[in-house]
Amino acid sequence: MALADIRNGARNETGIAEALAQLSERFGPRFQTGEAIRAQHAHTTTYIPAQLPDGVVFVENAAEVQAVVQTCAALKVPVIPFGTGSSLEGQVNAPEGGISVDFSTMKRVLEVNAEDLDCTVEPGITREELNVYLRDTGLFFPIDPGANASIGGMASTRASGTNAVRYGTMKDNVLSVTAVTAGGEEIRTAHRARKSSAGYDLTRLFVGAEGTLGVLTSITLRLQGIPAVIAGGICGFPSLKDACNAVIMTIQLGIPVARIELLNTLQIKACNAYSGLTLPEQPTLFVEFHGNEESVRLQSEEFGAIAADCGGGAFSWSADADERAKLWKARHNVYWASKALRPGYEAIATDVCVPISRLADCVAATEQDIEEHGLLAPIVGHAGDGNFHVCVVFDDKDAAQIAMVEAFVSRLNARALAMDGTCTGEHGIGQGKQAFLPRELGGSVELMRQIKRALDPDNIMNPGKIFSAAPAQ
């Protein structure tokens, strides 16, 4: 990540002006151009500078999404989808201006098929809202990134979260989408069947595309039965490497852990202060098991034995819902807990993912890098799938500190790639990680550009994200 890579693109001033006039007439008060509302629809989560759209339209149904895209397509004006704005790599910025499409009022549950364990929702519903709706059905949607993100945003960034080790990521849990393409046509990528050999896998193409190929209007999701027993607990370790080794052994032995989260000493200190916990300040694993009473007991005992073999302390676990909720709320608030370590400073939350066998090596090398360069940077990870995050807290007004942080992020990504990992396990590329994508995928990036040009020849769909993609000549 480097601020020098965040640039403004060429603006179509004539087209934008006409789009503003047409959309204002079409949507009335649901189309806003005030600076404050536009600023709320630009990137604000990390130090990537905000690039404001020219207008924000609050759509209420798929037909309105089509109308917006058709207007913008005719005038060659950018379209930027907006869910809750919780993305971390500049995905909602408007480097060429354009229209932000806000889905906050498109949050209906369109269909629940309890017998088939699936549902179809509009993109604006958040994961927490969906699970409240599903509660009486005995089903739940298991993907849980730290933010209460929208389902559309989660699909677009191929999000995952703490449950991914057992339930997979968004790519594993989206059965189908409907999307409005750059030409203004609404398409459906698949039916609800659990498998299909019918042509290209367009669902997977749109999941993770960050809005660069089309605007999602509905998502069909896999659901899971709510476990009869959910038990969780914590276990401290003398070193980060010992904790990582316990994770590796747990996964390699096939223990069906639902969540296994790694927090280093500094992250525990931050959580204690911010969330009112009293945990020993040492590398710690947060663990959770799902199943029936007997299976959860056996899994907990097996994990406790592994932890002891790796030098861990006593594994204390509980099925009490309130105790678990407090623990996982603290885990989901690690970004804000990290920022609170140095009030008034900025933070960069970045992530990488490596094969599980290299997790201990990558985390240990990263912690050493942090110490050698005098950085304030807690580490937390979805350790069960080799994914971990570093939140660097720094003075964003100090050019020397910015350069130091950017150099660290570059080294972190290079380290993960050298271990056959990825520069982002779940945050996506957006604007912030574009420099690392060619290093990871080489010539495949040009193939992505070709797909982008074929589906979006005028480059109006969330331009400037993932890679540069000039309009076709």
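Reader: What makes the crossing where α1 passes α3 left-handed or right-handed?

Author: This is a predicted model, and in it α1 passes α3 in a right-handed crossing. That label goes to a crossing where the near helix is turned clockwise from the far one by less than a right angle.

Reader: Why are α1 and α3 called roughly antiparallel to each other?

Author: Their axes cross at roughly 155 degrees, and angles over 145 count as roughly antiparallel, so α1 and α3 get that name. The axes of α1 (residues 13-27) and α3 (residues 62-75) come within 9 Å.

Reader: Which residues make the contact?

Author: On the α1 side, G15, E18, A19, Q22, L23, R26 and F27; on the α3 side, E64, A67, V68, T71 and L75. By class, that's six nonpolar, three polar and three charged.

Reader: And what makes α14 roughly antiparallel to α15?

Author: Again, it's the angle. The axes of α14 (residues 359-372) and α15 (residues 399-418) cross at roughly 160 degrees, coming within 11 Å. The cut-off is over 145, so α14 is roughly antiparallel to α15. α14 also passes α15 in a right-handed crossing. C362, A365, T366, D369 and I370 of α14 meet F408, R411, L412, R415 and A416 of α15; the classes here are six nonpolar, one polar and three charged.

Reader: Which residues are closest to the centre of the largest pocket?

Author: The pocket has a volume of about 1,000 Å³. Of its 49 lining residues, S86, S87, L88, A147 and A149 are the closest to the centre. The lining divides into 22 nonpolar, 24 polar and three charged residues.

How values were computed:
Residues numbered from 1 in each chain as written. Predicted model: local features only at pLDDT ≥ 70, side-chain atom pairs only at ≥ 80, totals over all residues. Heavy atoms only, no water. Axes fitted to C-alpha atoms, helices over the stretch in contact; angles between N-to-C directions. Helix = DSSP H or I, 4+ residues; strand = E, 2+ residues; numbered from the N terminus. Parallel < 35°, antiparallel > 145°, perpendicular 65-115°, else oblique. Contact = heavy atoms within 4.5 Å. Nonpolar A, V, L, I, M, F, W, Y, C, P; charged D, E, K, R; others polar. 1 Å grid on protein atoms, 1.4 Å probe; cavity = no way out; pocket = protein on both sides within 12 Å on 5 of 7 lines; lining within 4 Å. Points joined across faces, edges and corners; volume = space filled by probe spheres on them.
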